[in-house]
Amino acid sequence: MLSIKPVITFKDGEVHVLGKARGSRSGRNMLLKEVLDTGIDFTKPLTCAYSGFDQTLLKKYIEDSLPLYKNHYTAETLPVSQLDPTIGVYSGPGCIGFAWFGKE
């Protein structure tokens with residue numbers, strides 16, 4: 001009902017809660033801020049991941065996040081993978097993740 005989206009990150013093998021966002025847009029903005037704060041090391045792999053069968057939300061996220069990687073990837077060439085059932089059971093359909101290595 002409240003559309004609360006937890007935003008989490010993994011650092012040094014541990015799960016950390018960045019915060020709880022109200023709605024998908026706020027969740028995306030919180031994640032984008034984290035990516036911008038750490039930067040992306042494009043010499044290492046990155047991927048966008050999702051749970052569920054409908055890719056509508058994923059496609060919107062990729063288009064909205066294009067400024068992060070537009071010099072290295074297009075919306076069509078960005079690596080995308082589907083989350084496995086182990087994570088999907090806990091997250092439910094519509095979960096979006098972005099995995100990257102930060103600049104050091």
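How far is the sulfur of Cys48 from the closest cysteine sulfur, and in which residue does that sulfur lie? I began the notebook with this point, working on a predicted model.

**Entry 1. Cysteines**

I looked up the sulfur of Cys48 and found the closest cysteine sulfur 10 Å away, in Cys95. A disulfide is a covalent bond between the sulfur atoms of two cysteines. The cut-off for such a pair is 2.5 Å, so the 10 Å between Cys48 and Cys95 is too far for a bond. I repeated the search from Cys95, and the closest cysteine sulfur was that of Cys48, again at 10 Å. The count for the structure is accordingly zero disulfides. I also checked the cover of each residue. Cys48 has a relative accessible area of 0% and is therefore buried, whereas Cys95, at 24%, counts as partly exposed.

**Entry 2. Overall fold and dimensions**

In sequence order, I read the pattern as β-β-α-β-α-α-β-α-β. I then took the radius of gyration, which is 13 Å. A compact globule of 104 residues would have a value near 13 Å, so the chain agrees with that expectation. Along the principal axes, the C-alpha atoms fill a box of roughly 40 × 30 × 25 Å.

I next recorded burial and surface. Buried residues account for 29% of the 104 residues. The accessible surface is about 7,300 Å², and carbon and sulfur atoms hold 57% of that area. For contacts between residues at least 6 apart in sequence, I noted that 62% join residues at least 24 apart.

**Entry 3. The nonpolar patch and the loop beside it in sequence**

Which residues make the nonpolar surface patch? I found Ile8, Phe10, Val15 and Val17, with an area of about 420 Å². Strand S1 (4–11) and strand S2 (14–22) each contribute at least two residues to the patch. I examined Val17 individually: it belongs to strand S2, and its relative accessible area of 60% makes it exposed.

The loop between S1 and S2 contains Asp12. I noted a phi near 55° for Asp12, a positive value in a residue other than glycine. Most residues other than glycine have a negative phi. Asp12 is exposed, at 81% relative accessible area.

Is Phe53 buried or exposed? I placed Phe53 in the loop between strand S3 (47–50) and helix H2 (56–64). Its relative accessibility is 82%, so Phe53 counts as exposed. I also compared Phe53 with Tyr69: the two are 16 residues apart in sequence, and their C-alpha atoms are 25 Å apart in space.

I then turned to Ser65, which sits in the loop between H2 and helix H3 (66–69). Ser65 is buried, with a relative accessible area of 1%. Which residues does Ser65 contact, leaving aside neighbours within four places in sequence? I found Arg28 and Leu32. As a further distance, I recorded Ser65 to Leu46 as 14 Å from C-alpha to C-alpha, across 19 residues of sequence.

Conventions: Residues numbered from 1 in each chain as written. Predicted model: local features only at pLDDT ≥ 70, side-chain atom pairs only at ≥ 80, totals over all residues. Heavy atoms only, no water. Patch = residues over 30% accessible without salt bridge, like charges linked within 9 Å, V, L, I, M, F, W, Y side chains within 5 Å. Areas by Shrake-Rupley, 256 points an atom, 1.4 Å probe, with all protein chains shown as cover. Salt bridge = Lys/Arg side-chain N within 4 Å of Asp/Glu carboxyl O. Helix = DSSP H or I, 4+ residues; strand = E, 2+ residues; numbered from the N terminus. Buried < 20%, exposed > 50% of the residue type's maximum accessible area, 1.4 Å probe, protein only. Rg over C-alpha atoms; globule rule 2.2 N^0.38 Å. Contact = heavy atoms within 4.5 Å.
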